[in-house]
Structure formats: C-alpha cells, structure tokens
Amino acid sequence: ATKREAHAKWALHKAMTSDEWYERSALLLAGILIRTGEYDAAVEVCDELLERGADEETVLLLRAHANPGTRRRYEEVLADADRILEIDPESTDALVPRTVALLGLGREEEASAGIDQLEDLQRDDSLGLHGSVGFCLARATFALEKGDRKLAGERYEFCLGHFPANAALVTDAVAFFDEEGRPERSLEIMQRALEEQPENHAYRVALAMGIHEGGDPER
C-alpha cells in the first residue's frame, strides 16, 4: 500500500506460510514480481496457486502477463489466454497477452487482427484498455515488427509517459533506443524508472552499467 514493493516481498512470502492468508498474499506477490521484472518467480507463484485451487481465471491472467517477460514462453501464454477465453468469452483482459504471444511466435497476420480488435475496444473507456501497459507495449512491438521504427519510437515514448517504471516496457524501450544509437535516451529511461522505484536493484545496476559504458565511472 505504501508502494515500497521491494520491501513487501519478504512479508508476503512469510504470509504465504499461513493457510488463511496464502492466496491473498500469493496473488499480491505475483503482481509485484511481474511489475519488478521477476517473471520466472511470478510464474512459479502462479503455478503453485493453481495447484492449490485458487481462482483459475485470475491466476491464468497473472501468468499470461508474466510469461511474455521471459521471452521464451509464448506458446504457454497463448494457451493460458485461450483458456481464459473459454472460461469467459467476454474477457477483454486476455486479448492483450494473447496478441503479444502471437507477435512473439511470428504470427503477424493473427497479431494484426488482435491489434485491430484491441484498438476498437480501446475506444470504449469502460473497458480500461487505455490504461493497459500490455496493450501499449503490443502496439509499439507491432510497429517494430512491421519495420516502422519511427512509429515504434513514438509509441514507446507514449507508453513511457504513462508507465515509466514498468519492467517489460523499460527493457524493450532501452533495447530499442540502444539500437537506434541513442544511449543517452536509454539512460534517461532508466533514470526515470529508478526514480519511480528507488528500491529496484535491477534498475540501479542497469543504470550504473550504462553510465560506466558512457564513460563516466565516477557518476
């Protein structure tokens, strides 16, 4: 609640040892792990939640958002998203990870249809997709896959304006601007992310390494 999520992890792990508090604590922990970029750990928590009979749709959605961060489990993401849609055919939340998975699997034509569907849904503010980092990132990734680097850059900047500390977004945006030959922009992105999450060890290390590579070891 105080947004000191790095410090909350230990307490949540301890709370998970209680049968009474296990599910609530595990769901909170999985969300924190996704936001701080610890995707494998988040998937492990989700797997255990499913084994212990937690609400399937809720946990599958968390896992569907965690697995894309690993950059290697797109088939699993697609399976989870499709299962969510079997449970609730009206679920719009499952469409974002499903589209990201299709992009990751190189199924661009299907991903394009998914992006179009999400664009249509986004126009209805009641769906909340305008506040989805997954949807925002999917649009940037799709532009990049289509070879439109100018549009991809614009979309990354738009996303960063709304979600400056999201681990998946920061990782992808830094990689993009490094490839564009703009390491100074990458450093700005990491600096902003660290300001948002000063306890995030991964951001601090990445920023220090980037500054050192830029020729300023003292800083």
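Is His162 buried, exposed or partly exposed? Before I answer, let me say that what we have here is a predicted model, in which local features need pLDDT of at least 70 and side-chain atom pairs count only at pLDDT 80 or more, while totals for chains, interfaces and linings use all residues. Residues are numbered from 1 along each chain as its sequence is written, and side-chain values use heavy atoms, with hydrogens and water left out.

Now to His162, which sits in helix α9, where helices are DSSP runs of H or I with at least four residues, numbered from the N terminus. His162 has a relative accessibility of 48%, so it counts as partly exposed, a class that lies between buried, under 20% relative accessible area, and exposed, over 50%, for a 1.4 Å probe and protein chains only. From His162 to Ala152 there are 10 residues in sequence, and their C-alpha atoms are 16 Å apart in space.

Asn166 is buried, at a relative accessible area of 19%, and a polar atom of its side chain lies 3.2 Å from the backbone nitrogen of Ala168. If we leave aside residues up to four places away in sequence, Asn166 touches Val133 and Tyr203, contact meaning heavy atoms within 4.5 Å.

Moving into helix α10, we come to Asp172, which is buried as well, with a relative accessible area of 17%. Again not counting residues up to four places away in sequence, Asp172 touches Arg71, Leu137, Thr141 and Tyr156.

On the α2 side the contact includes Tyr22, Ala26, Leu33 and Ile34, and on the α3 side it includes Tyr39, Val45, Cys46 and Leu49. Sorted by class, this contact of α2 with α3 has 13 nonpolar, no polar and 2 charged residues.

A second pair to look at is α5 (residues 74-87) with α6, whose axes come within 8 Å and cross at roughly 150°, and α5 and α6 are therefore roughly antiparallel to each other too. Among the residues that meet here are Tyr74, Val77 and Leu85 in α5, and Leu95, Arg98 and Gly104 in α6.

Just after α6, Gly106 takes a positive phi of about 75°.

Finally, let me go to the segment after α12 (201-213), where we find Gly214, which at 64% relative accessibility counts as exposed. Gly214 and Leu85 are 129 residues apart in sequence, and from C-alpha to C-alpha they are 47 Å apart in space.

Key: Helices (H or I, at least four residues) and strands (E, at least two) are DSSP runs, numbered from the N terminus. Ala, Val, Leu, Ile, Met, Phe, Trp, Tyr, Cys and Pro count as nonpolar, Asp, Glu, Lys and Arg as charged, and the others, Gly among them, as polar. A polar contact is a pair of N or O atoms within 3.5 Å; within protein, one must be able to donate a hydrogen and the other to accept it, and residues adjacent in sequence count only if both atoms are side-chain atoms. Axes are lines fitted to C-alpha atoms, for helices over the stretch in contact, and angles run from 0 to 180 degrees between N-to-C directions. Angles under 35 degrees count as roughly parallel, over 145 as roughly antiparallel, 65 to 115 as roughly perpendicular and the rest as oblique.
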